[in-house]
Every structure is written in C-alpha cells, then in structure tokens.
Amino acid sequence: MDLTYPPIIVAAKTGFKLLGQRFVMTGTEHVPRSGGVLLAYNHIGYVDFVYGGLAANPSGRLVRFMAKREIFDHRLGGPLMRSLHHIEVDRGEGVASFRTAVDRLREGEAVGIFPEATISRSMELKEFKSGAVRIAAEAGVPLVPVIMWGTQRMMTKDHPRDFSRGKTIALTVGAPLHPTGADPVGETAELRSVMSRMLDETIAAYPADEQPPGSWWLPDRHGGSAPTPERAEELDAAEKRDRAARRAAKRAQNRS
C-alpha cells in the first residue's frame, strides 16, 4: 500500500508550480508501464530524489530509490523514506541492499539508483560503481539511463541553497540497456558512456539564458566554473578526511 507516495507527489508538484519551474522531459516513453525496471540517474544535487521520480511519472510508475543509510537514520527523513518504500543502502553491508533491490525488481517495481553513489562537484559524471548493471542483470530487468539537469542550482555541495523562481529542470531518459552480468566492468563502462553522451546533449539543449558562460553549475569543459573532475576529486578526498576526523573526535569524546 502506498499511502504516503501519492500525496507527496501532489505536494511536490504544487511546490514546483509555486517555484515557477519549467520542465523539459524527453524520452519518458522508455520507462515501461509495468514490470521491473531499474533507472540509473546522474547525481548533482541534494534534491535529485525529489525530481528523479518524474522520469517515470508519465508511465504511472512510483520509483523506489536506493539511498544511503544516513538518510534512514534521520529522525524525520527515516520514517518518510520507509513510508515511501525506498531502499536503505548500508555501504558496509552492501549484500543486503543488493538483494532487496533485486527482490523489488522481480516483484515488478521501478527502482532508482545513483551509480556514482555521491554528488558530483564537477557536474560531470564521476566513476560508476558496478552495482547498477549487476542488480539489473541479476533481476533480469531493463536498465534505463536518466540524466537530470538544473536540480543542482537549488541545493548541492559547496553552494548556498537557491529556491528562487523560474528555473528549468531537464530530464532526459535514454533507451533501455539489457546487461547480462557476464562483464560487469564493460557493461558499467557502456552505461557511463551512454549517460555521458546524454549529459552533453541535455546541457546543450538547456536554455542558454539560464546557464551563461562562467556559471558555477556548468562543467568546466562546457564553459562553466564548476571544478574540474580532478579538482572535484581533491575536494571529495578532503571532505572524507574531515568527516573521518569528526567521527574520531566524537568517539573520543564519548569515551571520556
């Protein structure tokens, strides 16, 4: 039973209207109207979960997103995520989330996954984990690539929130892939290549007046000022070190 998801969708769409957002969605016909399907998304902002489900909305599907355990541990976010039947991912116990996703897909659900695992500071695609192709292959379902663009302008790493009106949100849905699992590395590379091309096409089609040269949300090679992938990796590494230091300090404080 989905008691929470339908009103959440209504509330979200009302919010989109209040924000005066314009949506450009292409290829949504690639999402099957029934049966298990795994949707693979790029990850550029904290609100990607909110907008990602729209790719399957024209097909009448509700997407169950795979999300990190920390969100489920939150006192408010956790109950909401569980009520929406999203899938908890514990990076230390990946087998459990893998099996849950496969089971949901075999039950005919639409599941959403972020192969990059974390938000990209460069707005380019990061390296992909092989989980997406392995899950799709194990469940025997199509793997549908989805690119989002514009969501990073509202809420992402290293930048203040901006929910001002009039932003365009683009979603590009690609033709399904059918991984077999025989070569997870090669099939993951194929998925990333397809999504990289889709990302370039989506950026090129985005309204030019909303992403002038030098825009912080635009990749360096597209004329923006977002960090290069190499610089983004350095920032990611620094963030991990800071997080580890905070955890160590908290453990030390708890012991004292």
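**Entry 1: ground rules.** I worked with a predicted model, in which local features need pLDDT of at least 70 and side-chain atom pairs count only at pLDDT 80 or more, while totals for chains, interfaces and linings use all residues. Residues are numbered from 1 along each chain as its sequence is written, and side-chain values use heavy atoms, with hydrogens and water left out.

**Entry 2: salt bridges.** I took a salt bridge as a side-chain nitrogen of Lys or Arg within 4 Å of a carboxyl oxygen of Asp or Glu. The structure holds 18 of these salt bridges.

I looked up the pair of glutamate 109 and arginine 64, whose closest N and O atoms are 3.2 Å apart. Glutamate 109 sits in the loop between α5 and β5 (110-113) and arginine 64 in strand β3 (residues 63-68), 45 residues apart. Helices (H or I, at least four residues) and strands (E, at least two) are DSSP runs, numbered from the N terminus. For burial I used relative accessible area with a 1.4 Å probe and protein chains only: buried is under 20%, exposed is over 50%, and partly exposed is in between. Arginine 64 is buried at 4%, whereas glutamate 109 is partly exposed at 22%.

**Entry 3: aspartate 236.** Which side chain meets arginine 121 in a salt bridge? It is aspartate 236, at 2.5 Å from N to O. Arginine 121 lies in the loop between β5 and α6 (131-139) and aspartate 236 in helix α8, so the pair ties together parts 115 residues apart in sequence. Arginine 121 is buried at 9% relative accessibility, and aspartate 236 is buried at 11%.

Aspartate 236 also forms a salt bridge with lysine 126, with the closest N and O atoms 3.0 Å apart. Lysine 126 is in the loop between β5 and α6, 110 residues from aspartate 236. I noted lysine 126 as partly exposed, at 21%. Through shared partners, salt bridges join Arg121, Lys126, Lys157, Asp158, Asp236, Glu239 and Arg243 into one network.

**Entry 4: aromatic pairs.** I counted rings of Phe, Tyr and Trp (its six-membered ring) as a pair if their centres lie within 6.5 Å; planes under 30 degrees apart are stacked, over 60 edge-to-face, and the rest tilted. The structure holds 9 aromatic pairs. One of them is phenylalanine 16 with phenylalanine 23, which is tilted, with 5.2 Å between centres and 55° between planes. Phenylalanine 16 is buried at 8%; phenylalanine 23 is partly exposed at 28%.

Why is the pair of phenylalanine 16 and tyrosine 51 stacked? The planes are at 25° and the centres 4.6 Å apart, so the pair is stacked. Phenylalanine 16 is in helix α1 (residues 5-18) and tyrosine 51 in helix α2 (residues 48-52), 35 residues apart in sequence. Tyrosine 51 is buried at 3%. Elsewhere, ring pairs link Tyr41, Phe49, Phe65 and Phe114 into a cluster.

**Entry 5: charged patches.** For patches I took residues with over 30% relative accessible area and no salt bridge, like charges being joined within 9 Å. Lys68, Arg91, Lys129 and Lys240 form a positive surface patch. Arginine 91 is in the loop between β4 (87-89) and α5 (94-106), and is exposed at 58%.

Glu127, Asp220, Glu230 and Glu233 form a negative surface patch. Glutamate 233 lies in helix α8 (residues 229-255) and is exposed at 57%.

Notes:
Patch = residues over 30% accessible without salt bridge, like charges linked within 9 Å, V, L, I, M, F, W, Y side chains within 5 Å. Areas by Shrake-Rupley, 256 points an atom, 1.4 Å probe, with all protein chains shown as cover. Lys, Arg positive; Asp, Glu negative; His and termini not counted. Charge placed at Lys NZ, Arg CZ, Asp CG, Glu CD.
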